[in-house]
Amino acid sequence: MEQAFFLLIATVAVGAGIMVVAARNPTHSAMALMVCFVQVAAVFLLLRSPILAVIQMFVYVGAVIILFLFVIMMLDVQAEARTRFLKKGVTVTIVGICLLGGEMFALLLGSDLLFAQSLNLLPDQMSSVRGLGEVLFTEYLFPFEVASVILLAALVGAIILTRQTEEGG
Amino acid sequence: MVPLSWYLILGAVLFVVGIAGVLLRRNVLIVLLSLELMLNSVNINLVAFSHFFGDFRGQIIAIFVIAITAAEVAVALGVLVALVRNKATLEVDEVTIMKG
């Protein structure tokens, strides 16, 4: 049952991912990416981490995609991007991508360790938000603070970059 | 019970699709969207390992990845808006201001 759900979710996610890359209109790309992010949130639910699924929905679907849609709306991209793909060096790039993909799949499928390992998981403990919070706010407190400073710096940077100066800069 | 390798293969497929978008598309916006896709596929791997090894650290690193991604998107779109205001192009191979 769970495997059937996983296969459904994975199919939709990969299809939406291909739509992101192949769509002509950037708005369609953004919407396809939104579908893909919802599927990834469902994958997080299958992995028994509900808090990450919620964060995924809030941050990616709620904030990042909407930000992209605002920028697409602001910039009037319809006139741009007449040709979808780069002109120069496409064959070399495709060969490189195929090599990378082949290498990744060879490594994944060739590792006996990955398939043989009988992993003992603790479902009750692992799915609790409380346990996650305890580790996050004790062992990883300093990186958490650093992340908040980085977010503040990004906020200030984005405002300064997009600000229109009076001398028309 | 879904095996661990299925999650890793899903992550790898999404990563390859994302890298094709980053390397092949001309539109800067699509390049940024594909970058988001790649970061998400990495998150799938982190959470899958976290679940199967019974360790919270993978989920915590995934949370940090999401936070840094949000910051990156804000700055990247700010740069994009400033670029379009100065240069009026969205194509990656026409942005050669820093080429000397």
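Met73(A) counts as exposed, at 60% relative accessibility. This residue is found in helix 3 of chain A. Its C-alpha atom is separated by 8.7 Å from that of Thr27(A), a residue 46 positions apart from Met73(A) along the chain. Like every value here, these come from a predicted model.

How many disulfides does the structure hold over all chains? The count is zero.

The next topic is the contact between the two chains. Chain A brings 85 residues to the contact, and chain B brings 73 residues. The size of an interface is often given as the accessible area lost when the parts come together. Between chain B and chain A that area is about 7400 Å². Carbon and sulfur atoms give 79% of the buried area.

Polar links across the contact can also be counted. Seven residue pairs are in polar contact between chain B and chain A, with both residues at pLDDT 80 or more. Which helices of chain B supply at least two residues each to the side that touches chain A? They are helix 1 (4-24), helix 2 (28-53) and helix 3 (57-87). Helix 3 of chain B gives the largest share of this side, with 23 residues. Sorted by class, the side of chain B that touches chain A has 52 nonpolar residues, 13 polar residues and eight charged residues.

Side chains of opposite charge can pair when their charged atoms come close. Over all chains the count comes to four salt bridges. One of the pairs lies within chain A, where the side chains of Arg48(A) and Glu2(A) meet at 3.5 Å, N to O. This pair links distant parts of the chain, as its two residues are 46 residues apart. Arg48(A) sits in the loop between helix 2 (26-46) and helix 3 (50-75) of chain A, while Glu2(A) belongs to helix 1 (residues 2-22) of chain A.

Between chain B and chain A the count is one salt bridge. Which two side chains meet in it? They are those of Arg57(B) and Glu139(A), at 3.0 Å from N to O. The pair crosses from the loop between helix 7 (129-138) and helix 8 (141-162) of chain A, where Glu139(A) lies, to helix 3 of chain B, where Arg57(B) lies. Glu139(A) is partly exposed, with a relative accessible area of 45%. Arg57(B) also falls in the partly exposed class, at 33% relative accessibility.

Arg57(B) has a further partner within chain B. It forms a salt bridge with Asp55(B), and the closest N and O atoms are 3.0 Å apart. Asp55(B) is partly exposed, with a relative accessible area of 30%. Through shared partners, the salt bridges join Glu139(A), Asp55(B) and Arg57(B) into one network.

Definitions and conventions: Residues are numbered from 1 along each chain as its sequence is written. Chains are lettered from A and ligands numbered from 1 in the order in which they are written. This is a predicted model: local features need pLDDT of at least 70, side-chain atom pairs count only at pLDDT 80 or more; totals for chains, interfaces and linings use all residues. Side-chain values use heavy atoms; hydrogens and water are left out. A disulfide is a pair of cysteine sulfur atoms within 2.5 Å. Contact means heavy atoms within 4.5 Å. Buried area is the accessible area (1.4 Å probe) that two parts lose on being put together, summed over both. A polar contact is a pair of N or O atoms within 3.5 Å; within protein, one must be able to donate a hydrogen and the other to accept it, and residues adjacent in sequence count only if both atoms are side-chain atoms. Helices (H or I, at least four residues) and strands (E, at least two) are DSSP runs, numbered from the N terminus. Ala, Val, Leu, Ile, Met, Phe, Trp, Tyr, Cys and Pro count as nonpolar, Asp, Glu, Lys and Arg as charged, and the others, Gly among them, as polar. Buried means under 20% relative accessible area, exposed over 50%, partly exposed in between (1.4 Å probe, protein chains only).
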